[in-house]
Amino acid sequence: MAELIDGKAISQAIKDEVRNERAELEKKGIRPCLAVILCGNDPASTVYVSNKKKACEYCGFDSVSLELPEETTQEELLSKIRELNDDKKVNGILVQLPLPSHIDENAVIAAIAPEKDVDGFHAVSVGNLLIGRPGFVSCTPAGVIQLLKRSGVEMAGKECVVIGRSNIVGKPMAVLMLRENATVTVCHSKTKNLREVCKRADILIVAVGKPKMIDASYVKEGAVVIDVGIHRLEGKKLCGDVDFESVEPVASKITPVPGGVGPMTIAMLMKNCLEGCMRQNGLLNE
Ligand code: NAD
């Protein structure tokens with residue numbers, strides 16, 4: 001039976017650390033502030049934005065929330081971002097994705113000042129990650145690293161297979177595992193013999209976006225399995241990209257869905273915002 005990696009507890013610990021560090025900043029008269037932009041009325045995005053505001057309250061951050069109608073033009077959105085870029089009080093800017101289809105996501109991400117890019121999606125952040133310079137790291141993969149570290153999983157020298165190569169999860173995940181000195185293989189929709197490749201993994205990170213696709217036949221006995229996927233089944237039950245019932249008896253450690261990777265994303269967003277605020281105030285030794 002696998003040990004469960006408790007994302008709820010670990011994310012809570014991170015939020016508490018952020019909150020304590022924020023209290024120290026307060027003594028210097030500094031208070032982090034996150035700006036969140038929601039454009040349109042996607043129901044899932046509305047829930048995510050509201051959770052981000054709650055996390056700001058919990059951590060003692062100020063938050064600015066811009067709720068723009070679906071018909072907002074790209075130029076209007078870019079102009080709001082420029083205002084927030086210039087606003088000295090704002091330390092982090094997050095534009096909730098997906099955006100309405102008439103807006104170019106890449107142009108919007110590129111418009112965010114890199115020093116406020118707390119989602120870590122800007123090309124400058126991605127480039128810094130790739131060459132090992134300080135900067136923001138995409139929250140979900142950064143959260144996975146924290147889950148592994150805080151569960152005592154040794155990464156150096158281990159075979160790690162990442163399934164998925166998206167810009168927000170798979171690619172940064174692979175780079176982060178490389179930074180931890182794992183031997184990394186990235187699989188994707190064109191990978192041949194996916195099962196055999198996955199079976200090599202000591203650490204299998206699944207971000208494939210297909211409900212319960214990865215069953216025990218993909219997993220080596222004793223592997224650590226991280227399930228990034230999140231899907232709402234009929235009846236509102238959540239599941240991941242991993243078939244938990246099938247894999248759990250084979251793995252040594254596994255993340256559940258819900259309560260695994262999911263809660264880490266917002267915790268890492270708070271950590272990024274705190275870090276941005278400290279960097280902007282010259283308080284980070286990097
Ligand atoms: P995506 O759809 O952008 O990418 C999926 C990747 O899987 C692609 O790179 C594709 O090449 C690969 N893929 C698709 N079918 C495959 C197949 N049959 N075999 C091998 N590879 C295949 O998804 P994403 O944005 O990277 O998200 C991945 C999952 O993580 C989704 O379930 C998403 O909901 C979830 N997610 C969770 C969080 C969180 O906070 N927990 C955050 C982001 C994404």
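At what angle do the axes of helix α1 and α6 cross, and within what distance do they come? The points below answer this and then go through the rest of the model.

1. Basis of the note. This is a predicted model, in which local features need pLDDT of at least 70 and side-chain atom pairs count only at pLDDT 80 or more, while totals for chains, interfaces and linings use all residues. Residues are numbered from 1 along each chain as its sequence is written, and side-chain values use heavy atoms, with hydrogens and water left out.

2. Helices α1 and α6. The axes of α1 (residues 7–27) and α6 cross at roughly 105° and come within 10 Å. Axes here are lines fitted to C-alpha atoms, for helices over the stretch in contact, and angles run from 0 to 180 degrees between N-to-C directions. Helices (H or I, at least four residues) and strands (E, at least two) are DSSP runs, numbered from the N terminus. The two helices α1 and α6 are therefore roughly perpendicular to each other; angles of 65 to 115 degrees count as roughly perpendicular, those under 35 as roughly parallel, those over 145 as roughly antiparallel and the rest as oblique. On the α1 side the contact is made by G7, I10, A13, I14 and E17, and on the α6 side by Q146, L147 and R150. Contact means heavy atoms within 4.5 Å. Sorted by class, this contact of α1 with α6 has 4 nonpolar, 2 polar and 2 charged residues. For these classes, Ala, Val, Leu, Ile, Met, Phe, Trp, Tyr, Cys and Pro count as nonpolar, Asp, Glu, Lys and Arg as charged, and the others, Gly among them, as polar.

3. Helices α6 and α7. Helix α6 (residues 139–150) also packs with helix α7 (residues 170–179), at an angle of about 40° and with the axes 9 Å apart. The pair α6 and α7 is therefore oblique. The crossing of α6 past α7 is right-handed; a crossing is right-handed if the near helix is turned clockwise from the far one by less than a right angle, and left-handed if anticlockwise. From α6, the residues P141, A142, V144, I145 and L148 meet P172, M173, L176 and M177 of α7. By class, this contact of α6 with α7 has 9 nonpolar, no polar and no charged residues.

4. Domains. The protein chain is divided into domain 1 (25–115) and domain 2 (139–263), with bounds that come from an automatic or database domain assignment. Between the C-alpha centres of domain 1 and domain 2 there are 29 Å.

5. The sheet of 6 strands. This open sheet has the order β1-β11-β8-β7-β5-β6, with parallel pairing. Two strands pair if DSSP finds at least two bridges between them. At the edges are β1 (3–4) and β6 (183–187), each of which pairs on one side only. Strands β5 (residues 159–163) and β7 (residues 203–206) run parallel and are joined by 4 bridges. V161 has L204 in β7 as its bridge partner.

6. The sheet of 3 strands. A second open sheet is ordered β3-β2-β4, again with parallel pairing. Its edge strands are β3 (62–68) and β4 (92–95), each pairing on one side only. On average, neighbouring strands of this sheet are turned by 15° against each other, direction ignored. Between β2 (residues 33–39) and β4, which run parallel, there are 4 bridges. Opposite A35 stands I93 in β4.

7. Helix α10. This helix lies across β2 and β4 and runs at about 125° to β2. Helix α10 (residues 262–280) packs with helix α2 (residues 43–59) at an angle of about 55°, the axes being 10 Å apart. That makes α2 oblique to α10. The crossing of α2 past α10 is right-handed. N51, K52, A55, C56 and C59 of α2 meet I266, L269 and M270 of α10. By class, the contact of α2 with α10 has 6 nonpolar, 1 polar and 1 charged residues.

8. Backbone details to check. Most residues other than glycine have a negative phi, and most peptide bonds are trans. A cis peptide bond joins L97 and P98, with omega about 0°; P98 lies in the loop between β4 and α4 (105–111). The bond from V257 to P258 is also cis, with omega near 0°, and P258 is in the loop between β11 (253–254) and α10. N181 is not a glycine, yet has a positive phi of about 70°. N181 sits in the loop between α7 and β6.
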